[in-house]
Amino acid sequence: MDWQGQKLAEQLMQIILVAFAVVAFFTGYVLGSFQMMLLIYAGGVVLTTLITVPNWPFFNRHPLKWLDPSVAEKHPKPQAAAATTSKKKGSKK
Amino acid sequence: MHSFGYRANALLTFAVTILALICAIASFSDTLSTPTPTSNVQVLNINRFQKKPDGDDEVSLTFNISANLQSLFTWNTKQVFVFLAAEYETPKNSLNQVSLWDGIIPSKEHADFWIHTTNKYRFIDQGSNLRGRNFNLTLHWHVMPKTGKMFADKIVMTGYRLPQAYR
């Protein structure tokens with residue numbers, strides 16, 4: 001998921017849950033059924049989970065531009081300094 | 001919101017918080033209704049009225065309780081617990097309350113009822129003060145909600161009197 005996708009996922013989650021809560025409360029109040037309110041809200045939570053939690057493609061419409069591998073090879077990481085420090089601190093990498 | 005677990009956790013926490021909020025509002029909605037319950041108790045017979053060997057008076061009564069508690073039920077009511085108490089004053093105690101009968105009303109349909117019964121619990125005084133005693137019969141109830149605060153109230157019915165002599 002990219003940055004824009006994450007923001008979208010968060011907004012969708014909040015809006016859909018609140019909307020379902022409002023619908024659930026008023027339906028339950030008008031029908032006089034507490035169980036109906038809980039059922040509608042539970043349905044809303046499941047729906048929101050399906051929409052916002054999995055990594056859907058539409059959350060990745062603005063993908064991050066990672067550096068191309070061919071360009072990265074032209075700028076090698078500093079190896080010499082890393083080799084000496086890694087000998088002293090063997091376990092830490 | 002970068003990982004599956006992160007999003008799932010955020011969603012679950014938010015969902016539970018919103019659930020708590022709608023339950024609180026549902027409980028608050030109970031205060032908007034004004035109940036109008038009615039009740040009536042007839043004492044049909046004094047079956048026994050004796051002084052026990054330990055010195056305390058005991059009465060056994062048969063009575064008919066009729067009540068309509070339907071207006072107490074809202075969409076947020078789980079059940080109503082109702083009990084009938086005899087209340088009287090003695091030289092030793094300014095208020096005595098003795099529970100004679102109780103019941104649970106599970107739904108609105110059962111809330112308009114009458115019952116012809118002897119006292120479920122024994123009516124025993126602390127001492128020997130019941131002869132000729134005037135007492136009130138009070139119907140108390142507790143409205144138990146599905147979520148939120150429990151409300152209790154009562155109706156006081158006056159004018160009952162025990163006999164002057166044991167029988």
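Me: Which residues does Asp102(B) touch, not counting residues up to four places away in sequence?

Reply: Leaving out those sequence neighbours, Asp102(B) touches Phe81(B), Val82(B), Phe83(B), Lys120(B) and Tyr121(B). A contact here means heavy atoms within 4.5 Å. Keep in mind that this is a predicted model, where local features need pLDDT of at least 70 and side-chain atom pairs count only at pLDDT 80 or more, while totals for chains, interfaces and linings use all residues. Residues are numbered from 1 along each chain as its sequence is written, chains are lettered from A and ligands numbered from 1 in the order in which they are written, and side-chain values use heavy atoms, with hydrogens and water left out.

Me: What makes the link between the side chains of Asp102(B) and Lys120(B) a polar contact?

Reply: The distance is 2.8 Å. A polar contact needs a pair of N or O atoms within 3.5 Å (within protein, one able to donate a hydrogen and the other to accept it; residues adjacent in sequence count only if both atoms are side-chain atoms), so the pair passes. The side chains of Asp102(B) and Tyr121(B) are joined by another polar contact, of 2.9 Å.

Me: Why is Asp102(B) called buried?

Reply: Asp102(B) has a relative accessible area of 15%. Buried means under 20%, exposed over 50%, and partly exposed in between (1.4 Å probe, protein chains only), so Asp102(B) counts as buried. As for its place, Asp102(B) sits in strand S4 (residues 96-105) of chain B; strands are DSSP runs of E with at least two residues, helices are H or I runs of at least four, and both are numbered from the N terminus.

Me: And why does Leu72(B) count as buried?

Reply: Because its relative accessibility is 7%, Leu72(B) falls under the buried limit. Leu72(B) lies in the loop between strand S2 (57-68) and strand S3 (77-88) of chain B. Apart from residues up to four places away in sequence, Leu72(B) touches Pro35(B), Pro37(B), Thr77(B), Val80(B), Trp141(B) and Val143(B). Take Pro37(B): Leu72(B) is 35 residues from it along the chain, yet their C-alpha atoms are separated by 7.0 Å.

Me: Where else does Leu72(B) turn up, and what makes that spot a pocket?

Reply: Leu72(B) is among the residues nearest the centre of the largest pocket, together with Pro35(B), Trp141(B), Val143(B) and Phe151(B). On a 1 Å grid over the protein atoms alone, a pocket is an open set of points with protein on both sides within 12 Å along at least five of seven lines, whereas a cavity is a set where a 1.4 Å probe fits but cannot get out; lining residues have an atom within 4 Å of a point. By that test, 13 residues line the largest pocket. Strand S7 (134-145) and strand S8 (151-161) of chain B each give two or more residues to the lining, and S8(B) has the largest share with three. The volume is about 260 Å³, taken as the space filled by probe spheres set on the points, with points joined across faces, edges and corners.

Me: How do you know that chain B is more spread out than a compact globule?

Reply: First the layout: chain B has one helix and eight strands, in the order α-β-β-β-β-β-β-β-β. Its radius of gyration is 23 Å, well over the 15 Å that the globule rule gives for 167 residues, so chain B is more spread out than a compact globule. That radius is taken over C-alpha atoms, and the rule is 2.2 Å times the number of residues to the power 0.38. Along its principal axes the C-alpha trace spans about 85 × 30 × 25 Å. Of the residues of chain B, 46% count as buried.

Me: Over to chain A. Why is Trp66(A) called exposed?

Reply: With a relative accessible area of 75%, Trp66(A) is over the limit for exposed. Trp66(A) belongs to the loop between helix H2 (34-52) and helix H3 (69-73) of chain A. Chain A has four helices and zero strands, and 24% of its 93 residues are buried.

Me: Why does Ala21(A) count as buried?

Reply: At 4% relative accessibility, Ala21(A) is under the limit, so the label buried applies. Ala21(A) is in helix H1 of chain A and touches Tyr41(A), Ile18(B) and Ile22(B), leaving aside residues up to four places away in sequence. Gln6(A) is also found in helix H1 (residues 3-31), and its relative accessible area of 12% makes Gln6(A) buried too.
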